[in-house]
Amino acid sequence: MAGQKSRNNKKIWIARVAAAAILIAALLISLIWTDAINRKFGLVKTVEEKYDGLATQEVIELGGDLNVHFVDVGQGDACIIEFPDDRTMLIDAGDTHTKNKQNLLRYIEENINDAEGNDIEYFDFAVLTHPDSDHCGGMYDVLQKYPAKTFYRPSVYSRYKDGEAGDTFVDPATDILDRTQNNKNNIKTTLAYDNAIRAAYEGRVDGAASEVIVTNFLTNGRDAVISPEGLQESDPDYYTFTFFVSELTYTDNNNYSPVMLLEYQGKRFMLSGDAEKEAEANFVALAKKGEGNYAVFTEDFTVDVFKLGHHGSRTSSSEAFIETLTTQENRPNIKAIISCGEDNKYGHPHGEVIERLRSLGFTDQNMVRTDVNGSIAMSVRGTVDASGGTPVYELYMGAETVRRTAAAVGNDTIKLTWQEIVILGCIVIFIALIVYPAVQQARKSAKAAARGAGKKSNGRSRK
């Protein structure tokens, strides 16, 4: 009888431990959707704080000599540059979601003009950093309305359909066939990339007879430099836009993203796609060698604007990469730009990247994000003082007038988010199913032992 009772107790404890493990695991897994659950059940509220800087429209209205726009396209990337010689460039075009594509097209229509102040009809340059749909998803729509005179494409062969019946488009870039990793491994690219490449080659500007020039990074686009036609370095409107491209092939398409450096009147912008640590390490190694265009990366080299790679992912913006492009003394003044979507499922930007920036000397005030601040405009503008001397060029940054932060809601004494509720839930489950029954069983065992000891004592007394 005692043995049967012991076996039953063992089964009960196994069931309790299993139930506790399942419930606790379920709660911990739910942390993946913390942001969504918080919003669904009203566990957080959005607090709006005054942004202590210029507004986006204020910077646009400054009429800078050089303007750089980081457009809010949700969880994606889109950047527009207005050069001092009135040429324009589009770098990536967000994802395939209709709302984000419409936001980008509307931003172009409202804010990007030619020298006479009219709406632009085309881009002089368009750059697609790599094939991921959050960078190329809107490219087809934009190029349909604003074709590009020159299109810079990643060195990845487009083979979404690749000879399937009824497909009339075959990627013309046969010069990268043998070097393209996805082609070697028979990996197909996406429809968004196929459409973007198709639109680039089929685009027309300045009349039907003028075809777009398409160049890829790996061959004739490697380490290319764009500068004003007919101007010398001493001219006030002179600028350079340089591509730094690896000759390596990668298994991850993100790593085909070039590092891009824009320089004008002593101000430098580092622009990036989704290059991972592998590509960044290769860039750092080439920068240390200092050959060719890489000779610029001396010990005192620093940028004024640093766009974080891969939306602030932990897989990019390594410490060595940051140290190559910035100096310790200048980091408190550097604008760190992060393009990502509000409450995105990837958790971008990752917390360890923000902490890395802080530990290296970047300030929170200069970390600006499209998920928090919306579209960000930056301008380099020269001003002359009352004496009429040489213009002084300053960098201006404008974001939306509010920054949004999440705060727990509740009464004055209890303010809980889902993460805190999960922690409390795990503790309650553990106590209810493990600790409390163990305590109760211990008490019963103690009482039973006491009763047994009492019976023995009474027996001895009667004897």
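Mentor: Setting aside neighbours within four places in sequence, L104 is in contact with V71, V73, A78, I80, A93 and V142; contact means heavy atoms within 4.5 Å. This is a predicted model, where local features need pLDDT of at least 70 and side-chain atom pairs count only at pLDDT 80 or more, while totals for chains, interfaces and linings use all residues. Residues are numbered from 1 along each chain as its sequence is written, and side-chain values use heavy atoms, with hydrogens and water left out.

Trainee: Where is S339 found?
Mentor: In the loop between β14 (335–338) and α11 (351–360). Helices (H or I, at least four residues) and strands (E, at least two) are DSSP runs, numbered from the N terminus. The S339 side chain reaches the backbone oxygen of G76 at 2.7 Å.

Trainee: What makes D85 and R87 a salt bridge?
Mentor: The term asks for a side-chain nitrogen of Lys or Arg within 4 Å of a carboxyl oxygen of Asp or Glu. For D85 and R87 the N to O distance is 2.9 Å, and that meets the 4 Å limit. R87 is buried because its relative accessible area is 14%, whereas D85, at 24%, counts as partly exposed.

Trainee: How do you know that K145 and E109 meet in a salt bridge?
Mentor: Their N to O distance is 3.9 Å, again within 4 Å. K145 lies in helix α6 and E109 in helix α4, so the pair ties together parts 36 residues apart in sequence.

Trainee: What separates E355 and R358?
Mentor: They are 3 residues apart in helix α11, which means about one helical turn. The structure holds 12 salt bridges.

Trainee: Which residues have the most contacts inside the largest nonpolar core?
Mentor: I80, L104, I108 and V142, in a core of 37 residues. A nonpolar core is a set of buried Ala, Val, Leu, Ile, Met, Phe, Trp, Tyr and Cys residues joined through side-chain atoms within 4.5 Å. The largest share of this core, 6 residues, comes from α8.

Notes. Buried means under 20% relative accessible area, exposed over 50%, partly exposed in between (1.4 Å probe, protein chains only). A polar contact is a pair of N or O atoms within 3.5 Å; within protein, one must be able to donate a hydrogen and the other to accept it, and residues adjacent in sequence count only if both atoms are side-chain atoms.
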